[in-house]
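Please look over the sequence and the model shown below, and keep both in view while you read.

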Amino acid sequence: MAETNVIVLDLWASSYGMRVKIALAEKGISYECRQEDFEAKSSLLLEMNPVHKMIPVLIHNGKPICESLNIVQYIDEAWNHKPSLLPYDPYKRSQARFWGDYIDKNVYNAVKRVWTGKGEEQEECKKQFIECWKILEDELGDKPYFGGEEFGYVDVALVPFTSWFYTVETNGKLSIEEECPKIVDWVKRCMLKESVAKSLPHPRQIYAFALQYKQRHGLE
Ligand SMILES: N[C@@H](CCC(=O)N[C@@H](CS)C(=O)NCC(=O)O)C(=O)O
């Protein structure tokens, strides 16, 4: 399959965009990454994702695929010469999708509420953040990765959000390592993978991005 026909519409700090970049790297697919400006979205983004007008969008041979987990599943199916990100077993596949859905419904908000929150409200958000990640930690258990021995779909779905841990810890004055040590070990394990290390920005870049965001939105 022609790899030159792969474009990702992205914003570097987006955890959703990072999922797509990790999945492409896992499959060894080279691609062109175009950064979007949310204040002036490109006509290509509006054309390729007219429903949500959001990144990430994968454009493969001119055709758009939207919604990050849908994109990860597409990548897994379109480039099936490499080991699958989703398990083959239907039950295990359903479990992986369940956790992908849990992450989508809970993690972004849990993370964002801590770094944007203040005072008592932030304390409540910190409790919810820890609750959310403890549930994930229980699911991980003593396995190296969420799916077992191999890095896979749930890891791809979740690990991008950990690039925000430094921002969460600094703004929320909490130690994720104290609360969820197995998660922190899992992050270190994932970061040893080139696909992850090259797709996640440095935590301090994210922190600077968050600071600018808070200034722009009067959240300081
Ligand atoms: N459910 C979507 C979420 C994507 C999303 O929230 N994208 C944000 C960036 S992190 C976006 O494009 N925001 C632009 C806007 O809201 O105008 C996915 O998984 O792809």
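Between domain 1 and domain 2 an area of about 1800 Å² is buried, and carbon and sulfur atoms give 65% of it; buried area here is the accessible area, found with a 1.4 Å probe, that two parts lose on being put together, summed over both. On the side of domain 1, the residues that lose the most area to domain 2 are Trp12, Arg19 and Ile22, which together make up 31% of what that side buries. This is a predicted model, in which local features need pLDDT of at least 70 and side-chain atom pairs count only at pLDDT 80 or more, while totals for chains, interfaces and linings use all residues. Residues are numbered from 1 along each chain as its sequence is written, and side-chain values use heavy atoms, with hydrogens and water left out.

Domain 1 covers residues 3-78 and domain 2 covers residues 90-216, with bounds that come from an automatic or database domain assignment. Their C-alpha centres lie 21 Å apart, and 16 residues of domain 1 are in contact with 25 residues of domain 2, where contact means heavy atoms within 4.5 Å.

What is the count of salt bridges between domain 1 and domain 2? The count is one, if a salt bridge is taken as a side-chain nitrogen of Lys or Arg within 4 Å of a carboxyl oxygen of Asp or Glu. Arginine 19 forms a salt bridge with aspartate 104, and their closest N and O atoms are 2.9 Å apart. Helix H1 (15-27) and helix H3 (68-78) each supply at least two residues of the side of domain 1 that touches domain 2; helices, like strands, are DSSP runs numbered from the N terminus (H or I, at least four residues, for helices; E, at least two, for strands). The largest share of that side, nine residues, comes from H1.

Alanine 25 is also found in helix H1, and, when residues up to four places away in sequence are not counted, alanine 25 touches Ser195 and Lys198. Between alanine 25 and valine 6 there are 12 Å in space, C-alpha to C-alpha, although the two are 19 residues apart in sequence.

Two places in the loops deserve a careful look. Proline 56 lies in the loop between helix H2 (43-48) and strand E3 (57-60), and the peptide bond that leads from isoleucine 55 to proline 56 is cis, with omega near 0 degrees. Asparagine 61 lies in the loop between E3 and strand E4 (63-66), and its phi is near 50 degrees, a positive value in a residue other than glycine.

Taken as a whole, the chain has 11 helices and four strands. Its radius of gyration, taken over C-alpha atoms, is 17 Å, close to the 17 Å that the globule rule (2.2 Å times the number of residues to the power 0.38) gives for 220 residues, so the chain is as compact as a globular protein of that length. Along the principal axes, the C-alpha atoms fill a box of roughly 50 × 45 × 30 Å.
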